[in-house]
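Student: I'm new to this one. Please pick a single part and take me through it closely.

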Amino acid sequence: MREIHSFILVTTALIMGRESWALENPNCCQEQERLRTQVRQLETRVKQQQALIEELKQEKEVQFLDKGQEDSFVDLAGKRQYADCSEIYNDGLKQSGFYKIKPFQSPAEFFVYCDMSDGGGWTVIQRRSDGSENFNRGWYDYENGFGNFVQSNGEYWLGNKNINLVTMQGDYTLKIDLTDFEKNSRFAQYKHFKVGDRKSLYELNIGEYFGTAGDSFSGTFHPEVQWWASHRRMKFSTWDKDNDNYDGNCAKEEQSGWWFNRSEISTNICKGANDISLVGIHYSK
């Protein structure tokens with residue numbers, strides 16, 4: 001943009017310098033007019049680009065704020081940077097809402113919903129509530145995150161890169177809350193939850209199960225089926241990057257990304273994803 005402005009100034013100076021010469025040389029009037037036309041065209045292009053930039057900025061801001069609610073954001077008022085929601089909770093901030101966090105090795109801050117109920121400090125990595133967000137997405141979206149990060153009940157996926165950055169900081173507990181259409185709630189918790197980096201294809205690691213929803217994640221409900229029902233050590237799969245042990249493509253069939261294995265039981269966790277109200281992780285001391 002600066003180069004365009006410089007070109008306009010230089011061209012204008014040349015035109016002004018040639019005006020007196022052009023008066024003495026009528027044949028140059030046509031060239032002078034051509035240069036002036038070029039200047040006007042460049043000025044118009046600059047104005048159009050400036051208008052487009054402002055329009056894009058405004059559109060992004062409207063898109064960000066339009067879905068939001070003021071009470072969804074919690075102002076940290078210049079407090080220190082936090083690595084996850086448990087640090088925020090332990091620092092005395094008990095209000096659920098969106099906060100900015102910055103894991104130790106993250107290059108930048110990012111928004112995350114902190115659920116301060118049930119002991120507080122849960123960093124929400126997935127929320128599905130009303131079907132408003134499309135979860136049938138490709139590898140790039142699941143890697144970087146997508147969805148509504150401004151509304152308290154907005155649906156989103158935090159992003160595999162961000163989940164890896166959070167969980168590599170220490171020992172985390174995974175909690176899955178499920179709610180059916182009759183508002184009946186169940187939960188499943190897993191110790192030692194960790195998601196690998198990109199090189200590992202965001203491999204899933206989970207530990208011991210506890211809860212009321214049943215253990216559909218580690219497949220321990222029957223020893224004979226654990227080898228094909230467990231999601232442990234599975235790579236993440238999407239419709240365009242199939243990393244499961246199934247002959248077909250679980251992510252494509254179930255229209256969602258997940259750590260699929262190979263069986264109908266393993267895909268049921270995805271079929272039940274519409275019932276998942278919240279998936280959060282909590283740092284375990």
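Tutor: Let's start with strand 6, residues 172-179: seven of its eight residues are buried, where buried means under 20% relative accessible area, exposed over 50% and partly exposed in between, using a 1.4 Å probe and protein chains only. Strands here are DSSP runs of E with at least two residues, helices are runs of H or I with at least four, and both are numbered from the N terminus. Keep in mind that this is a predicted model, so local features need pLDDT of at least 70 and side-chain atom pairs count only at pLDDT 80 or more, while totals for chains, interfaces and linings use all residues. Residues are numbered from 1 along each chain as its sequence is written, and side-chain values use heavy atoms, with hydrogens and water left out.

Now for the partner. Strand 7, residues 185-195, runs antiparallel to strand 6, and the two pair over seven bridges (DSSP has to find at least two for strands to pair). Thr 179 faces Ser 185 of strand 7. Between the two strands of this hairpin sit five residues, and Lys 183 there has a positive phi near 70°.

Side chains are worth a look too. The charged end of Lys 175 sits over the ring of Trp 122, 5.6 Å from its centre; to count, NZ of Lys or CZ of Arg must be within 6 Å of the ring centre and within 35 degrees of the ring normal.
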